[in-house]
Amino acid sequence: MEVVIVPDAAAGGEIVAEAMARLLRRKPDAVLGVATGSTPLPVYEALATKVRSGAVDVSRARIAQLDEYVGLPADHPESYRSVLRREVLEPLGVAMDQFLGPDGTADDVQAACEAYDAALAAAGGVDLQLLGIGTDGHIGFNEPCSSLASRTRIKTLTEQTRVDNARFFDGDIQQVPHHVITQGIGTILEARHLVLLATGEGKADAVAASVEGPVASVCPASALQLHPHATVVVDEAAASKLKLADYFRHTYANKPDWQGI
């Protein structure tokens, strides 16, 4: 696992956006797995800037969703399909027919989960999956003690996750669904490149547990240690609990520029 420590969120966004741009120059129809929340916004903003300047072409790119609430209509402003349309697809100029996502309104949710795993496989798999991390170490909506071999499935949110997400629902936890569809950890690990982005002191313990702790289902993000190409990009605050922070800085500072992340 490579750990890249950056000064701030904007610098992290630029590094990840450049990795996406390099991928798209090499493979114009690449599948980009995207996450929601405030942390990845600098990535999408930096990538959109590259698109507008002509530095990268996303006309053939495909965008894949990481997770979705169960029961929210697709056009609900806080469904992740709607959020990604506003924050990723529209700024990049990517059409909805290039978007892959699970159906959170399906009558048969399990069938919808299986169908999404099949759709990802049919698309050739995810080339680069961007991930955030919860304060408890969750990735996607794989809450602590999720199976490290899990596939896309329905999950029940912890109370803490619902509290954290209430800010998107006018601060009213009663509006936050109890259930979600999420790519499983096993599904996530099938992406060719995993990039976890974390900023802020509140993520420091989770980052340290994921990078330097044991691989354990109680910290789902620790599963990234099993991946052959996983990159963790963190600002100084999120890196503050890493015992090997100086080594990570040294390693990245001496890395060839052509290699990227």
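This is a predicted model: local features need pLDDT of at least 70, side-chain atom pairs count only at pLDDT 80 or more; totals for chains, interfaces and linings use all residues.
Helix α1 (residues 9-26) and helix α2 (residues 41-53) pack at an angle of about 55 degrees, their axes being 7 Å apart. Axes here are lines fitted to C-alpha atoms, for helices over the stretch in contact, and angles run from 0 to 180 degrees between N-to-C directions. The two helices are therefore oblique to each other; under 35 degrees counts as roughly parallel, over 145 as roughly antiparallel, 65 to 115 as roughly perpendicular, and the rest as oblique.

Which residues of α2 make the contact? They are P42, V43, A46, L47 and K50, while α1 contributes several residues, including A9, G13 and M20. Contact means heavy atoms within 4.5 Å.

Residues are numbered from 1 along each chain as its sequence is written, and side-chain values use heavy atoms, with hydrogens and water left out.

Let us turn to P7. This residue lies in the loop between β1 (2-6) and α1; helices (H or I, at least four residues) and strands (E, at least two) are DSSP runs, numbered from the N terminus. Buried means under 20% relative accessible area, exposed over 50%, and partly exposed in between, with a 1.4 Å probe and protein chains only. Beyond its neighbours within four places in sequence, P7 is in contact with D235 and E236. The C-alpha atoms of P7 and D235 are separated by 5.5 Å, although the two residues are 228 residues apart along the chain.

Finally, the whole chain. The protein chain has 8 helices and 10 strands, and 53% of its 261 residues count as buried.
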